[in-house]
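Subject: Structure handover

Hello,

Here is the structure for your files.

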Amino acid sequence: MLTIQSQLLTELSAMLTVLLSTTKMLTIQSHLLTELSAMLTVLLSTTKMLTIQSHFTDNFSGLLLSFL
């Protein structure tokens, strides 16, 4: 009986170790996805700003040419 309990505890310990490792990996993946999301948000914002600047430059160039 004690041998069986010892084996079960060993298996349970191994399963808990795997579960802990998996949980740590999921936590790391979650942090990485959060950082990736933040970077993509900044990239999108920067792209929008560059698009707005491009339109402003085009309009400004058109105004300058109309005065020349």
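The notes below go from the whole chain to single residues.

This is a predicted model, in which local features need pLDDT of at least 70, side-chain atom pairs count only at pLDDT 80 or more, and totals for chains, interfaces and linings use all residues. Residues are numbered from 1 along each chain as its sequence is written, and side-chain values use heavy atoms, with hydrogens and water left out.

Overall form. The chain has one helix and zero strands (DSSP runs numbered from the N terminus: H or I of at least four residues for helices, E of at least two for strands). Its radius of gyration is 29 Å, well over the 11 Å that the globule rule gives for 68 residues, so the chain is more spread out than a compact globule. That radius is taken over C-alpha atoms, and the rule is 2.2 Å times the number of residues to the power 0.38. Along the principal axes, the C-alpha atoms fill a box of roughly 100 × 10 × 5 Å.

Surface. The chain has an accessible surface of about 6,500 Å², and 74% of this belongs to carbon and sulfur atoms (Shrake-Rupley method, 1.4 Å probe; for residues, only the protein chains shown count as cover). Buried residues make up 0% of the 68, where buried means under 20% relative accessible area, exposed over 50%, and partly exposed in between (1.4 Å probe, protein chains only).

Aromatic pair. The count comes to one: Phe56 and Phe60 are stacked, at 6.1 Å centre to centre with 10 degrees between the planes. Ring centres of Phe, Tyr and Trp (its six-membered ring) must lie within 6.5 Å to pair; planes under 30 degrees apart are stacked, over 60 edge-to-face, and the rest tilted. The two residues are four apart in helix 1, so about one helical turn separates Phe56 from Phe60. Phe56 is exposed at 56% relative accessible area, while Phe60 is partly exposed at 44%.

Ser54. This residue lies in helix 1 and is partly exposed, at 37%. Ser54 and Leu12 are 42 residues apart in sequence and 62 Å apart in space, C-alpha to C-alpha.

Regards
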